[in-house]
Amino acid sequence: MTADIPRITDDPHAREALSRVRVLYTDLDGTLVAKGGSILADADATPSLVVAEQIVALNRAGLAVVPISGRGRIQLRELTQLLGWDGYIAEAGGIIVHGTGLDFEDRVDLGEWPADAIPPGVSPFEAINDVRAAETLMEAFPGRIEHYAPWQLDREVSLLLRGCLDTREGQAVLDTLPLPLDLVDNGMLRSYGTLTCRDMPPHAYHVVPRGVCKARAIELDLAWRGLSREQAAAIGDSATDLQMADAVGVMALVANAFGSNGVTAGLKREPRDNVWCTAGERTEGWAEFARAWRGAIG
Ligand SMILES: [Mg+2]
């Protein structure tokens with residue numbers, strides 16, 4: 001499946017592009033963490049330092065890593081501090097934070113919504129709930145979409161759902177609501193929860209203010225950091241992650257990304273010249289990328 005995409009470790013163009021990179025935006029689930037969610041494990045969840053060694057080496061080299069994930073602010077704040085990093089992008093691009101702990105600056109992105117789209121004191125998450133976005137999807141696709149418990153709690157910008165949807169059909173349902181919303185496919189999950197569909201793997205979906213996405217958040221973050229697109233790389237495993245290629249010089253897909261229909265369809269629909277793959281899956285692919293990056297920096 002990865003035959004048409006060059007390997008990050010083999011391609012001289014990748015090395016040249018990586019030599020300019022100073023910040024890496026990394027997806028978490030399916031990318032930085034192993035099956036089951038540990039950083040201290042190989043791709044199949046056997047205990048391993050494969051990623052930890054690379055995180056330490058990147059931190060020593062002063063190369064910035066920014067987690068960018070569908071997870072919420074509280075989860076990312078803890079992870080960022082534990083790993084010695086200094087910023088993160090939460091809720092699939094909706095929240096951009098510099099700093100850790102109590103010493104931080106943040107911004108919430110409303111995407112294409114005008115600043116007065118929601119009343120003061122109402123979060124985008126509350127506004128999306130007020131138009132019954134989740135309920136409307138559940139009524140349109142019974143048994144095929146549900147809240148992704150318990151991770152749907154403590155949200156500020158996006159609804160988090162689990163389901164088996166054709167995203168275009170789901171988007172058409174959202175388009176009937178009085179707020180402009182996007183349905184974002186954030187990759188495959190391992191558990192169906194209480195879904196009854198079995199004709200496709202379950203995926204995580206976000207419902208966000210129209211325009212909110214990881215690529216837009218990276219553009220905002222790079223402007224804030226005073227860095228150019230060529231000074232940024234991104235790594236991920238989902239169709240949503242692939243769109244980060246629009247905002248960075250180097251886009252890497254870990255090998256397990258190619259099991260996602262959304263990724264293969266996205267690459268077919270829009271061939272790109274700044275996308276590379278790793279041979280390894282999940283943590284092993286991430287470590288492979290980090291070694292290539294450090295090697296290119298010299
Ligand atoms: Mg992922």
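The donor residues of the magnesium ion follow the spacing D-x1-D-x207-D in sequence. The model is predicted, with pLDDT of at least 70 needed for local features and 80 or more for side-chain atom pairs, while totals for chains, interfaces and linings use all residues. Residues are numbered from 1 along each chain as its sequence is written, and side-chain values use heavy atoms, with hydrogens and water left out.

The protein donors are Asp27 (OD), Asp29 (O) and Asp237 (OD), at 2.1 to 2.2 Å from the magnesium ion; donors are N, O and S atoms within 2.8 Å of the metal (3.2 Å for Na, K and Ca), and sites may look incomplete because water is not among the atoms. Asp29 is in the loop between strand S1 (23–26) and helix H2 (50–60), and Asp237 in the loop between strand S10 (232–236) and helix H8 (239–242), so the pair ties together parts 208 residues apart in sequence. Helices (H or I, at least four residues) and strands (E, at least two) are DSSP runs, numbered from the N terminus. Asp29 is partly exposed, at 38% relative accessible area, whereas Asp237 is buried, at 12% (buried: under 20%; exposed: over 50%; partly exposed: in between; 1.4 Å probe, protein chains only).

One disulfide is found in the whole structure, a disulfide being a pair of cysteine sulfur atoms within 2.5 Å. Cys164 and Cys197 form it, with their sulfur atoms 2.1 Å apart. The torsion about their S-S bond is about 60 degrees, so the disulfide is right-handed. Cys164 is buried, with a relative accessible area of 1%, and Cys197 is buried, with 5%.
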